[in-house]
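Thank you all for making time this morning.

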Amino acid sequence: LYKCFILEKYCFIVTLGYLILCQITRVYVFDYGMYSADFTGPMMVITQKITSMAFEIHDGLTKREGQLTPGQKYFAISRMPSLLEYLSYNCNFMGILAGPTCSYNDYKAFIEGTCYQPRHQENANGKENGKYKQTEPSPKNDVISKLCTCAISLAVYLSLYKLLPVERSIDDDFVNSTPFHLQVVYLYLAMLALRPKYYFVWTLADAINNAAGFGFNGYNKDGSPRWDLISNLRILDIEFATSFKLFLDNWNIQTALWLKRVCYERCPINPTAATFLLSAMWHGVYPGYYLTFLTGIGMTMAARAVRHNIRPYFLVSDSYKGIYDVITWAWTQVAISYTVAPFVLLAVGPSLKFYRYVYELLIHCGVGDTMSAFLILKKYIHFASNSVVDLNIDQSLQRNYDPNINNSC
């Protein structure tokens, strides 16, 4: 029993340490700045699976149900897997190259053929009473749809990525000859042109698993099957995200869930910072990764504060909320582009050069605009807050003087 208490910690340290050692070897021994010798991609996925299984075994064998969250109860493993089950989970052909990662219990239910039964009974849109013959849902339509998404993403990426290189945003001639607002637009477009590469890889990996029968996640309200159990992204939610959190919640979903399960829910001190740091270490040893995730900590804290303190003033009407959504969408896209730029630039020199240019442009070009925007926003918030007060007063007067309203409610 004592070994079970320390199993997940040793497993986490050894697995992550070995991954980092391999990443150091790849980057600084084989070819710095190139991906021609990238053998760590599959190891990153296996690292997620091994560490997830270690914590799930720990939860299932050493903790009572009352000590677990609902999610931990579902993922907890109550029996030590055999060697065959362990190797099958970690090295199955469907997810060995690009993932996505999944829980051991979901994979085991798929292998044993039981993954459809509970979802049939709970969500099969009128088929729960057993009067109709239940058949395994077909993933054909979803696989075809995802393959079409792959084709479109690949075509967009191959068409745009050379036309909009991120490196141009730190080119001296471009910076000196381009107005600040156009540089922001270009940075957004450059990041937009890069994202289809990830859309292609993750959607293709999801389609491969679905074609094998893995990924069923119940039924929609219209009775059609859902095949998004291990989907790694939601493209429309990413492109139209109105907050930093919404963007992250829909990007690399399975990795985000892994970070939540092994770090965020278990770290007793500053789990947000610890999660971002773990994400940087898992991605690799390029300095740009650490700059991105360290910036992400500040962006996340700032986004929470803005949403908590400012958003309520814009919920008084649909028109105010629409204005708020448009503004926060634009700021979210700019913030994501600024945060992710070092992730693409990789090295320290280009990343710091990018930060320096942005800082100088903000100082010389953006201070006046920022102050003007702040004063307008302050005036608008004041007007919105007065509207909230007036609305509350009107409702209070209506309660006091309208005889048709039941004052006891």
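A word on the source: what you see is a predicted model, in which local features need pLDDT of at least 70 and side-chain atom pairs count only at pLDDT 80 or more, while totals for chains, interfaces and linings use all residues. Residues are numbered from 1 along each chain as its sequence is written, and side-chain values use heavy atoms, with hydrogens and water left out.

The secondary structure comes to 16 helices and 0 strands, where helices (H or I, at least four residues) and strands (E, at least two) are DSSP runs numbered from the N terminus. Of the 409 residues in the protein, 40% are buried, that is, under 20% relative accessible area with a 1.4 Å probe and protein chains only, as against exposed at over 50% and partly exposed in between. If we take contact to mean heavy atoms within 4.5 Å, then among the contacts with a separation of 6 or more, 67% join residues 24 or more positions apart.

For "transmembrane region", the unreviewed UniProt entry lists residues 12–30, 288–306 and 326–348; these positions are given in the numbering used here, feature names are shortened, and annotations may be inferred rather than shown by experiment. In the model, residues 12–30 are 100% helix and 0% strand, with end C-alpha atoms 26 Å apart, and residues 288–306 are likewise 100% helix and 0% strand, with their end C-alpha atoms 27 Å apart.

Which residues have the most contacts inside the largest nonpolar core? They are Leu19, Trp258, Val262 and Leu278, in a core of 23 residues, a nonpolar core being a set of buried Ala, Val, Leu, Ile, Met, Phe, Trp, Tyr and Cys residues joined through side-chain atoms within 4.5 Å. Helices α1 (2–30), α2 (41–62), α12, α13 (271–283) and α14 (287–309) each supply at least two residues of this core, and α1 gives the most, with 5 residues. Leu278, if we do not count residues up to four places away in sequence, touches Phe12, Leu16, Trp258, Leu259, Val262 and Cys263.

Turning to open space, the second largest pocket holds about 770 Å³. Of the 30 residues that line this pocket, Asp206, Trp227, Asp228, Ser231 and Leu233 are the closest to its centre. On a 1 Å grid over the protein atoms alone, a pocket is an open set of points with protein on both sides within 12 Å along at least five of seven lines, a cavity is a set of points where a 1.4 Å probe fits but cannot get out, and lining residues have an atom within 4 Å of a point. Grid points are joined across faces, edges and corners, and a volume is the space filled by probe spheres set on the points.

Finally, two residues. Ser153 lies in helix α7 and is buried, with a relative accessible area of 7%; leaving aside neighbours within four places in sequence, Ser153 is in contact with Pro196, Tyr199 and Phe200. Ile50, in helix α2, is also buried, at 17% relative accessible area, and with the neighbours within four places again left aside, Ile50 is in contact with Cys11, Thr15, Tyr86 and Asn90.
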